Amino acid sequence: MSEATVDATVDSSRRTWLITSCAMGGVGAAAVAVPFVSTFQPSERAKAAGAAVEVDISAVQPGEKIVVEWRGKPVWIMKRTAEQLKSLEEDEAQLADPNSDRKAYPTPEYAKNRHRSIKPEVFVGVGICSHLGCSPIDKFAVGAQPSLPEDWKGGFLCPCHGSTFDLAGRVFKNKPAPDNLEVPPHYYVSDTVLLIGEDKKA
């Protein structure tokens, strides 16, 4: 075998060894990097615990409602009209707990008022019925409708068992739901940005 052939064989072997080494090194680096990078992502446990959710409500118009998720629950954010706010007083004689005194779903102090909210026009509530965990549906139209009274002033209806709630999430009397809808901890970061899941620090 000539000297040139030997050199070519050695170079080829060396090149194969270098390529293999680099490839194995890359695999090792990736194996180390993936868990390292994953430490920057929220863990499944942290997601389940429910980190606070920031929501910009500047685009929500009076009479509209949006839904966001917090702790796996649907949270309603609704801007009520002047007429809808007025209806909250008119309904009170028909409500089971108009002042949110019941303790099963304690209402934050800043929402223990007729409109159950920090700002009268903006309602923030968990959209889960206190009876069996169904999700009530919007019934904002006023007047008689199927499963609703003739003097209906707008609110929410749980289609599963017929519980009805006013536009502040307060349950009507003689319904299966034992309590008002939950008001989650929340506060305003700015005039149009809400943080759901935390109370404002003193």
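In which sense do β6 and β7 pair, and over how many bridges? Strand β6 (residues 155–157) pairs with β7 in the antiparallel sense, over 2 bridges; strands here are DSSP runs of E with at least two residues, numbered from the N terminus, and two of them pair if DSSP finds at least two bridges between them. Keep in mind that this is a predicted model: local features need pLDDT of at least 70, side-chain atom pairs count only at pLDDT 80 or more, and totals for chains, interfaces and linings use all residues. Residues are numbered from 1 along each chain as its sequence is written, and side-chain values use heavy atoms, with hydrogens and water left out.

**The sheet**
- β6 and β7 belong to an open sheet of 3 strands, ordered β5-β6-β7 with antiparallel pairing.
- β5 (137–139) and β7 stand at the edges with a single partner strand each, so one side of each has no neighbour in the sheet.
- Look for Phe156 and you'll find its bridge partner in β7, Phe165.

- Leaving aside neighbours within four places in sequence, Cys129 is in contact (heavy atoms within 4.5 Å) with residues including Cys134, Cys158, Phe165 and Ala177.

**Around Pro178**
- Pro178 sits in the loop between β7 (164–165) and β8 (186–188).
- At 36% relative accessibility, Pro178 counts as partly exposed.
- Pro178 and Ser163 are 15 residues apart in sequence, and their C-alpha atoms are 9.3 Å apart in space.
- Beyond its neighbours within four places in sequence, Pro178 is in contact with Arg102, Ser130 and His131.

Key. Helices (H or I, at least four residues) and strands (E, at least two) are DSSP runs, numbered from the N terminus. Buried means under 20% relative accessible area, exposed over 50%, partly exposed in between (1.4 Å probe, protein chains only).
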